[in-house]
Amino acid sequence: MLAVVVLVTAVAQGGDIHPLILTSTVVAVLAAVVHTVWLPATGMKRMVSTVPVVCLVSLGVTAVYRGPVDNATALWILLETFALLVIIVPSVRHPGPLVATVVSLAMTATVTVLPLRIALTIEPPAGTRETLGLCVIWGVAAAIAVGASCYLRSLDSHRRIAVAAERRAGRLAIARDLHDFAAHDVTGVMVLSQAAQTLARSSPERALALLPQIETAGVNALEAMDRTIRILRDLDGDEKLPRPAGAREPGAAPREETGRALTLEEVPTLIERFNRTGTIPTRLHMAPGTLDTVPNRVGSVGYRVVLEALTNVRRHAPSASGVTVTIARRSSGTAGDGGSGTEVLRVHVVDDGDGAEDDPAAAQAEREGGGTGIEALEQRVRELDGRLTAEPAHPVGWQVTADFPLAAGPGGG
């Protein structure tokens with residue numbers, strides 16, 4: 001708007017300006033206003049299309065103009081120079097690399113030769129050194145504008161990369177939540193449905209008794225999916241919009257609807273739901289005070305370990321007659337170490353099913369390859385300086401063990 005005000009004032013005070021100078025300056029100023037007012041995302045094609053017009057008009061005037069040269073003309077040429085420098089910034093910052101390169105070269109050349117309008121027409125004509133000096137000054141000004149545009153362009157690129165990385169991390173966190181929570185309850189629906197089909201002929205009453213449990217598992221799965229959909233909608237929306245109630249930051253620990261983080265303290269509730277929506281009885285062994293002073297991050301990852309292990313029991317060990325979950329503190333040292341060692345929180349889940357009685361080797365392969373969840377959990381446990389193992393139990397079954405050091409560490413906060 002300042003350029004428009006200057007232009008109007010110049011027109012009012014400079015009625016004797018040569019029409020060629022007046023035309024090129026008006027075109028450049030109007031183009032600069034267009035480039036600074038229109039949003040690049042919506043007016044990119046229109047913005048870029050004005051550059052050839054501005055360059056052709058300016059270069060044409062420089063080629064044919066032969067005077068007069070006075071102070072008023074010099075002021076108009078300076079105004080045109082400023083307008084062209086303004087045009088350079090958005091024209092180089094926003095288009096693709098090829099277009100930005102062509103635009104920067106064209107605009108730099110246009111600005112660099114502007115002083116020829118004065119140097120070649122002034123009486124007496126300026127010397128070669130003075131003419132080159134003026135062109136170099138104008139060219140440096142154009143180069144500075146191009147450099148500023150490239151710097152802003154690099155900032156835009158880094159911002160897009162950072163936003164894409166954040167969104168990817170958020171979606172990976174959501175995928176983990178779907179795997180950990182929705183898949184757990186959906187697996188319960190599948191197992192209970194299979195059990196109901198098996199009992200339908202021999203014991204219809206027992207089959208009917210499973211229907212409320214199937215409904216409960218289905219409702220839990222729908223709630224987990226609803227939470228995921230709300231978070232996905234938030235990630236796909238405007239970054240500046242406030243997050244809806246109950247939504248969590250990407251990568252944050254899983255939370256209940258109340259906003260309280262799900263940790264090992266909720267394992268009894270998890271096992272109760274597992275028993276209520278399944279056919280494999282599960283027992284919990286955890287002494288009072290075991291979870292005292294356990295960091296929240298350890299508790300959150302530990303909860304996921306139990307959840308993943310129970311889900312895999314339903315998927316891969318339908319023949320199991322029982323599951324035991326043990327949460328206890330222990331020392332990482334041994335009697336031969338001469339000391340008690342670092343205190344460790346151990347989360348241990350073991351079942352007595354083999355998954356496929358006729359082919360134990362196939363059962364083990366299915367267990368090991370059945371969950372990308374175990375691989376993701378192993379990485380999360382390592383981030384807390386812990387160790388996760390998933391291996392066959394003896395004489396039959398499968399066991400998942402996670403050891404978390406409780407000493408100060410990177411994840412101890």
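Predicted model: local features only at pLDDT ≥ 70, side-chain atom pairs only at ≥ 80, totals over all residues.
# Reading the sheet, its helices and its salt bridges

Student: In what order do the five strands form the open sheet, and which are the edge strands?

Tutor: To read strand order, one follows the pairings; two strands pair if DSSP finds at least two bridges between them. Here the order is E1-E2-E3-E5-E4, the sheet is open, and the pairing is mixed. The edges are strand E1 (282–286) and strand E4 (387–392), each of which pairs on one side only. With direction ignored, neighbouring strands of this sheet are turned by 15° against each other on average.

Student: How many bridges join E1 to E2, and do these strands run parallel or antiparallel?

Tutor: E1 and strand E2 (residues 323–331) run parallel and are joined by five bridges, and within this pairing Arg283 stands opposite Thr324 in E2. Elsewhere in the sheet, E2 and E3 run antiparallel with nine bridges between them, and there Val323 has Asp351 of E3 as its bridge partner. E3 and E5 also run antiparallel, joined by eight bridges, and Val350 has Gln399 of E5 as its bridge partner.

Student: Which strands does helix H11 touch where it packs on the sheet?

Tutor: Helix H11 (residues 296–316) touches E1, E2, strand E3 (343–351), E4 and strand E5 (398–405), and its direction makes about 15° with that of E3. Helix H10 (residues 267–276) also packs on the sheet, where it touches E1 and E2, and its direction makes about 165° with that of E1. The angles are taken between N-to-C directions and run from 0 to 180 degrees.

Student: Turning to the salt bridges, what is the N to O distance between the side chains of Glu80 and Arg117?

Tutor: That distance is 2.7 Å, and the cut-off for counting such a pair is 4 Å. Glu80 in helix H4 and Arg117 in helix H6 (residues 116–119) are 37 residues apart, so that the pair links distant parts of the chain.

Student: Is Glu80 buried or exposed?

Tutor: Glu80 counts as buried because its relative accessible area is 0%, the limit for that class being under 20%. Arg117 is buried as well. Glu80 has its place in helix H4 (residues 71–93), and beyond its sequence neighbours up to four places away it touches Ser24, Thr25, Ala28, Ser58, Leu114 and Arg117.

Student: Which residue forms a salt bridge with Arg93, and in which helix does that residue lie?

Tutor: The partner of Arg93 is Asp156, with the closest N and O atoms 2.7 Å apart. Arg93 lies in helix H4 and Asp156 in helix H7, so the pair ties together parts that are 63 residues apart in sequence. The two residues fall into separate classes of accessibility: Arg93 counts as partly exposed at 26%, whereas Asp156 counts as buried at 18%.

Student: How many residues apart are Arg382 and Glu378 in helix H13?

Tutor: Arg382 and Glu378 are four residues apart, about one turn of the helix, and both lie in helix H13 (residues 372–383). Their side chains meet in a salt bridge with an N to O distance of 3.7 Å. Arg382 is partly exposed, with a relative accessible area of 49%, and Glu378 counts as partly exposed at 33%. The count of salt bridges comes to five.

Student: Which residues make the nonpolar surface patch of about 280 Å²?

Tutor: The patch is made by Val136, Val140 and Ile144, and Val136 has its place in helix H7 (residues 128–202).

Student: Finally, what share of the 413 residues in the chain is buried?

Tutor: Buried residues make up 40% of the 413, in a chain with 13 helices and five strands. The chain exposes about 21,800 Å², of which carbon and sulfur atoms supply 62%. Among contacts between residues at least 6 apart in sequence, 75% join residues at least 24 apart.

Notes. Residues numbered from 1 in each chain as written. Heavy atoms only, no water. Helix = DSSP H or I, 4+ residues; strand = E, 2+ residues; numbered from the N terminus. Buried < 20%, exposed > 50% of the residue type's maximum accessible area, 1.4 Å probe, protein only. Contact = heavy atoms within 4.5 Å. Patch = residues over 30% accessible without salt bridge, like charges linked within 9 Å, V, L, I, M, F, W, Y side chains within 5 Å. Areas by Shrake-Rupley, 256 points an atom, 1.4 Å probe, with all protein chains shown as cover.
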